[in-house]
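Please have the viewer at hand.

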Amino acid sequence: MQFGRSYEEFEVGATYKHWPGKTVTEFDDHMFCLLTMNHHPLHLDSNYAGETTQFGKNVVVGNYVYSILLGMSVPDVSGKAIANLEIESLRHVAPTFHGDTLYGETRVLDKWESTSKDDRGVVHVETVGYNQDGKVVCLFRRKVMVPKDSYLTERGGEQPGRPVPQPDKNWPGPEAG
């Protein structure tokens, strides 16, 4: 299974559909709110949300929606990244509710080689997040520094830093059968 891409593997105009989707539970939303100290009643108080807002129910906190979509994109986009350089824009265009399932896809807008180091480049991408009905809920654009193949080869290939299992009394090694 592929995890991220090298610079050479990105093509301008390509779209990567992230799989699987993620159903957002009330627990997920409340835990994220509490971990990040966002105690707004729109997210945590169903009575408040039901009685005093246009939505009539709790709305999932936007930073969690963004985080899910960003995480979904890692295997397709930034799994080999050297650095996330910039979040150029982030727009929440419709609410996400408890029980909604989020899906995402990322399109490559542009790419260019680094001007300071010849073993890497930058990809400019846009991720679109939508719910189970196809309703777009979130859009963001970002720039990611990714390695070229030469960078990966120099550091151990596709899985740099991966250790080799060492035979011991519990496992004699692959040759032992």
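Which residues does Leu102 touch, not counting residues up to four places away in sequence? In this predicted model, the contacts of Leu102 are Gly21, Lys22, Val24, Val65, Ile68, Met72, Thr96, Tyr130 and Val137.

Leu102 belongs to the largest nonpolar core, a set of 16 residues, and is listed with Tyr64 and Val65 as having the most contacts inside it. Two or more residues each come from H1, H4 and strand S5 (136–147). H4 gives the largest share, six residues.

A separate core of ten residues lies apart from this one, and its members include Phe10, Tyr16, Val77 and Val146.

## Helix H1, inside

Now have a look at helix H1, which spans residues 26–35 and has Asp28, Asp29, His30, Phe32 and Cys33 as its buried residues. Their cover includes strand S1 (15–23), helix H2 (41–44) and helix H4 (62–78).

After H1 comes Met37, with a positive phi near 65°.

Where does Met31 sit? Met31 is in helix H1, and together with Phe27 and Leu35 it makes a nonpolar surface patch of about 340 Å².

Buried or exposed, or something in between: what is Met31? Its relative accessible area is 33%, so Met31 counts as partly exposed. In an α-helix, residues three or four places apart point the same way, because there are 3.6 residues a turn. That is a handy rule to keep in mind while turning the helix on screen.

Methods: Residues numbered from 1 in each chain as written. Predicted model: local features only at pLDDT ≥ 70, side-chain atom pairs only at ≥ 80, totals over all residues. Heavy atoms only, no water. Buried < 20%, exposed > 50% of the residue type's maximum accessible area, 1.4 Å probe, protein only. Helix = DSSP H or I, 4+ residues; strand = E, 2+ residues; numbered from the N terminus. Contact = heavy atoms within 4.5 Å. Patch = residues over 30% accessible without salt bridge, like charges linked within 9 Å, V, L, I, M, F, W, Y side chains within 5 Å. Areas by Shrake-Rupley, 256 points an atom, 1.4 Å probe, with all protein chains shown as cover. Salt bridge = Lys/Arg side-chain N within 4 Å of Asp/Glu carboxyl O. Core = buried A, V, L, I, M, F, W, Y, C linked by side-chain atoms within 4.5 Å.
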